[in-house]
Amino acid sequence: MTYYEKELERVRGLVYSNEGQIKTVIGIRNFINKNYEADLNLDFLSHIQYVSKYHLIRLFKKYYGQTPRQYLIDTRIEKAKARLREGMTVTETCFAVGFESLGSFSSLFKTKTGKTPSQYQKAQLSRSK
Amino acid sequence: MKVTLISIPVLDQEKALQFYTQKLGFLVKKDLPLGGGNRWLTLVSKDWQDGPELLLEPGPLHFEPCKVFQDALMDAGMPWTQFDVDSVDTEYDRLTKLGVEFSMKPTEMGTVKVAVLNDTCGNYIQLVEEL
């Protein structure tokens, strides 16, 4: 066994020994991946896994290093990028990935990617020509 | 400031180029001569071509401490760099068929699954899938 494998075992015992918690957070993450376009809120997410919402935030952050909300937003932005590359309009994309306001989608997209959705789309479409 | 480059120390840039493109599936982004047979050689992920570039950096060949550090990581079986994949099992099967050696088979670690491969250029590389 290498030093690295021993270290992995040590960390596994330290961080990943609670299988129930791990099942819960993996379940939440998969649920977000499959339902990112829906109106997901914490009450809803915590109801699915039968845990309180504050416990849920703490657990998710403990295992994934970010809150469910942050993860949801990152997921939506990634999905939006894919749709824009496929040629979907900015407005359609905004609602298709679960945002409710075009203004907040555009500014969030710009914050996260450095480009507005339409700038991003133009750059991507001209690249593929 | 933006993070756009990840460096990997390699003893032989040409050999690394073959491995990272033909086996792992990266694409060449930039390749220019820097004199003395050295190149500024960067690759990008096929699925994320506007993502960060991977610099195949010939440090171990010219800078002894870099070689010492690289060898120590290798002795410890420790990957310094990791790549995200959709499925560690799929990549493990695909790469094993291409003759790539793994020091660690796909292994679950809580919320991730990881495997470690030898890049034949002095490094272990970890593949990771978030579960």
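What is the mean pLDDT of chain A, and what share of its residues reach 70 or more? The mean is 91, and 98% of the residues of chain A reach 70 or more, where pLDDT is the predictor's confidence in each residue, from 0 to 100.

This is a predicted model, in which local features need pLDDT of at least 70 and side-chain atom pairs count only at pLDDT 80 or more, while totals for chains, interfaces and linings use all residues. Residues are numbered from 1 along each chain as its sequence is written, and chains are lettered from A and ligands numbered from 1 in the order in which they are written.

**View 1. Confidence along chain A.** Within chain A, confidence is lowest in H3(A), with a mean of 74, and highest in helix H6 (residues 90-96), at 96. Helices (H or I, at least four residues) and strands (E, at least two) are DSSP runs, numbered from the N terminus.

**View 2. Helix H2 of chain A and its two faces.** The 17 residues of helix H2 (residues 19-35) of chain A should span 24 Å at 1.5 Å a residue, which agrees with the 24 Å between its end C-alpha atoms; the expected span is 1.5 Å times one less than the number of residues. Thr24(A), Val25(A), Ile28(A), Arg29(A) and Ile32(A) are buried in H2(A). Seen down the axis of H2(A), these buried residues fall within an arc of 125°, so they line one face of the helix; the arc is that of the directions from the helix axis to the C-beta atoms. Turned away from the buried side is a face that carries the exposed residues Glu19(A), Gly20(A), Lys23(A), Asn30(A) and Lys34(A). A residue is buried if 20 or more other C-beta atoms lie within 10 Å of its own, exposed if 12 or fewer, and partly exposed in between, with C-beta atoms placed from the backbone.

**View 3. The side of chain A that touches chain B.** Here 13 residues of chain A are in contact with nine residues of chain B, two residues being in contact if their C-beta atoms, placed from the backbone, lie within 7 Å. Helix H1 (3-15), H2 and H4 of chain A each give two or more residues to this side, and the largest share, six residues, comes from H1(A). By class, this side of chain A has ten nonpolar, one polar and two charged residues; Ala, Val, Leu, Ile, Met, Phe, Trp, Tyr, Cys and Pro count as nonpolar, Asp, Glu, Lys and Arg as charged, and the others, Gly among them, as polar.
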